[in-house]
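Please look over the model below alongside these notes.

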Amino acid sequence: MDVPFSESGAMSRAHYALVRKMESATPQVADQILLAEVQSIRHQLTRSALTLRQCKESLTILLYCSMSVNPGTHVDVQFALPHAINLAEAGQTVQDKRMGYLFCAEVMSPEHELQLMLVNSIRKDLDSPGIPRICLALDTLIQSPSKDVIPAVQSRLHDLLSHNSVHVRRRALLAIRKLSEQEPGILGDVASKTRKRLSDLEPDVVIPALDLCETLLQSGALSGDKFCNVLSTMLDQTWSLRPSPSHSRLLGRLVQAVSKATPSVHNVQTFLEIVRHYIQRGPTAYAIVYQCFSAVSTCPVETLQEAQSSVGTFFIQEIRGLLGTQDPNGLYLFIYALSSVDPKLWAGTSPDIPAVLEGWEVERVMTLLDSEDKLIRKQTLRTLWRVDEAIVESYYSRTLQRELPMTSEHGSDKLLSCLLEILDIITGDDGESYAHHFMNVLERIDGDEPLNRRPVLQGAVENLLERMHTECSSWRSGCIGVLFATVVGQDRQVSPTLMVVLAALLCEYLSLSPISPTEILRGLASKLSAYSASVQDACLITMLRVSLACDDIPAEALEAVRDRHSHGGRHVKRRCDQFLSLSQHKDELKRIVSATPSSSLPDFVIALENYGAEQQRSASRSPLSSSPSLKLHSPDISSPRASPTPNKLRYAAYEPPKLTHRLRRLSSDSSRHSDDGSARSVGHGRAYEDPMTVTVTAGDLTLAAQTSDLRSISSVCFGAYLSSSWSLTLSYQSSPRSHLSPLPIVQILDEEPSANDLIALDSPFISEPTPSIASTLSVTEHDFEATWNDLESFTSRGWCEASMDTVLRRLPQGLQRHLRVTERDRPPFEGDLKIVICPDNDTATIPSKQGSAVIRLKESDDDSCLWWLRCEDQELRNIIKATLR
């Protein structure tokens, strides 16, 4: 947001600062920032001296936080409801009251116990002489209707139907209609005044009055015949004015209202005259023409034929000019009109009625099947299906066999989209038929490729899941029965696309399955090894979800998962571990499932990942084990002298050294005894040994940590020399360093600045100690964020195929600069490894922008990482980017 506070529209400086901070934060860090802000505001609201302005600003930020968190993260802001109710009651301005009402409407449920506390405020505002306050209270009733408020406002709403303000009358009608959903009994008292509002001079009042009259008609509080007569009269009066297309909203609403009743021949004649008049006005009149054809679609053929005969023209005749237009809206309107009018009246299928369209026009309609617009294609299919079902079935068969030019010229995505559109038309409300055709389409698209090489067709997955959510229960049950049978069946292969669909459906609709969960688990396990890693991941998650419904886990399933664990990659192994563990601990699995907002697969994955993160945080608290920037590797114990391995430290794992007093010093001739009883002086006893074969033990590190010249060193400093393989080796050799090339200092900021967690290693190549780690930790977090923000105009990002450890080893090569590394679990940007690269001669605590760079690394599951780089120096930026790539 590159705008100043005065132009940002933010409620306060705090609101503006929070939004700016969120713009540069990663999703995980963003949620942490928002949750911390909510806790901060919770504390602020406990103060007794809180002003109304501060309360309004706090509520605004709370609403922003609750709406900005990522899916799966819950933010509870109901603790602020009493303050919102107080603001709505005691607010001195309409803006203050609006914030209080808005917060209650967004956060408070209709059945909430605090709804009663709003009743008095709403009633007082409705009785106010000020129109803005009345409208604000009415907006609250429309947005958040409640049964509790009806007895207190019912009589006042009845009076407001006759208010002088058009804004009040309109909102009063809308509020009564919304409250009638909670208590239909209130409609009986407003029927007479609602009919009067139909003759209001303001169209903005007449339209909500029509909506309320339709509600009255459905509830039986209004006579149907009387209402139809009123509508017919209103339609004639409004049409006689011949309103312009921009002022035809009321006319279109009247046409819609008449179509919901039983249109008479006279009404249909009016529709035809409206079409003939407005079709000449161009695109601005398409809306009213569309509304007329929508009303015509409900009329019997006899009524349409009589109306056309009396007027002397046909509906389709009046819109033939749209067929030659290049405007997609005009083409869609033409096709929609064809499907709205019975084909007997224009297609020539009846011997008594001649065809309206000529041959070239029919050919033009057929070419619309290849249109780039999806809506035009589907509407054309509906029209042709209504004319003759054989036309669409033949088109489907030829498309499936790839006999049409369109299917050969375009890729599989275009072919798949076309086939799925046809399926929507030819299967209708038959879910079983759709499932069978859907599987045939997938087989045709996939071909004969092995299962693990077939891609997952995202369009097919989205199409079926969307239909599953929108169709009726009978369609859904029929489709699920056919699809779930393929899990346990062996007669046909289950493509990766179908398996992903099944994974999503099994998580969400397992209760509708005609097959037992145990059999489904066996079927999924038997097919697990045939797919790629991404599909295996979905299968394992679904198997874990299905296992909750099983009394006992089949041995075949456990064996299949163990087999995948031994042959799969790191991510698949992690999923296998989750299945093997949680499937045997049903209580934990139930707790995970209960934490999901819905039964969908994505929500279950989010809950599962949150559970894994909680377990990982509680299980590992050691700084070394959680550090992403340093991994200690020990040589193979089977070999007494393992050869040097590039990029690995050559000492064995050891226990943390015992805590000793930092002021203790060892004399220069201090010695220790080796395992064989011989004494060796530190730094000199191994001068005869090859430094590349020295193994540093825990005793070496303990004695080195006690030397006086190391106690103020703030980081782990590695001395090394550059060999052909760039092996990083710890050496205690006292030979001259003139022939060695030193590596820059790498500072690793540990998780906690305690003596137990710091290991200081001396290097013969570092002559001056760096500042203490305590002082570094006090400024590093602030300095990194400040430097990051200062270099905002010099941002680069990319993906590195190497791990973060490899990146840390690559960066020092050729840079001749200091590296300051901040752990992932430290702010700012928690979850990212932070690196500051500054010149060797820059000893300041706060690095300057000149010659410096800041890097953020985010680890991936496949030993790669995402990087963000900000650097003002073009040459240095190019070197770092080349290293990261």
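1. Of the contacts in the chain with a separation of 6 or more, 65% are between residues 24 or more positions apart; contact means heavy atoms within 4.5 Å. This is a predicted model, in which local features need pLDDT of at least 70 and side-chain atom pairs count only at pLDDT 80 or more, while totals for chains, interfaces and linings use all residues. Residues are numbered from 1 along each chain as its sequence is written, and side-chain values use heavy atoms, with hydrogens and water left out.

2. The chain has 39 helices and eight strands, taken as DSSP runs numbered from the N terminus (helices H or I, at least four residues; strands E, at least two). Of the 885 residues, 48% are buried; buried means under 20% relative accessible area, exposed over 50%, and partly exposed in between, with a 1.4 Å probe and protein chains only. The accessible surface is about 43100 Å², and carbon and sulfur atoms hold 50% of that surface. Areas come from the Shrake-Rupley method with a 1.4 Å probe; for residues, only the protein chains shown count as cover.

3. The whole structure holds 33 salt bridges, each a side-chain nitrogen of Lys or Arg within 4 Å of a carboxyl oxygen of Asp or Glu. Arg377 and Glu421 form one of them, at 2.6 Å from N to O. Arg377 is in helix 21 (residues 374-387) and Glu421 in helix 24 (residues 412-427), 44 residues apart. Both Arg377 and Glu421 are buried. Asp200 and Arg197 form another, at 3.1 Å from N to O, and both Asp200 and Arg197 are buried as well.

4. Which residues does the salt bridge at 3.3 Å join? The partners are Arg522 and Glu556. Arg522 lies in helix 29 (residues 517-527) and Glu556 in helix 31 (residues 555-567), so the bridge ties together parts 34 residues apart in sequence. Arg522 is partly exposed at 30% relative accessible area, and Glu556 is partly exposed at 45%. Elsewhere, salt bridges with shared partners join Asp211, Glu214, Arg253 and Lys260 into one network.

5. The buried residues of helix 7 include Leu118, Val119, Ile122 and Leu126. The buried residues of helix 7 pack against helix 5 (81-90), helix 6 (94-107), helix 8 (131-143) and helix 9 (150-160).

6. The largest nonpolar core has 119 residues, and Leu62, Phe103 and Phe315 have the most contacts inside it. A nonpolar core is a set of buried Ala, Val, Leu, Ile, Met, Phe, Trp, Tyr and Cys residues joined through side-chain atoms within 4.5 Å. Helix 12 (residues 203-219) gives the most to this core, with eight residues. Beyond its neighbours within four places in sequence, Phe315 contacts several residues, among them Val268, Phe271, Phe293 and Val341. A second, separate core of 83 residues includes Cys418, Met499, Ala557 and Tyr611.

7. There are ten aromatic pairs in the whole structure. Rings of Phe, Tyr and Trp (its six-membered ring) pair if their centres lie within 6.5 Å; planes under 30 degrees apart count as stacked, over 60 as edge-to-face and the rest as tilted. Phe5 and Tyr16 are edge-to-face, with 5.7 Å centre to centre and 80° between the planes. Phe5 is in helix 1 (residues 5-8) and Tyr16 in helix 2 (residues 13-23).

8. Tyr290 and Tyr336 are stacked, with 4.3 Å centre to centre and 25° between the planes. Tyr290 is partly exposed at 33% relative accessibility, whereas Tyr336 is buried at 13%. Tyr290, Tyr332 and Tyr336 form one aromatic cluster.
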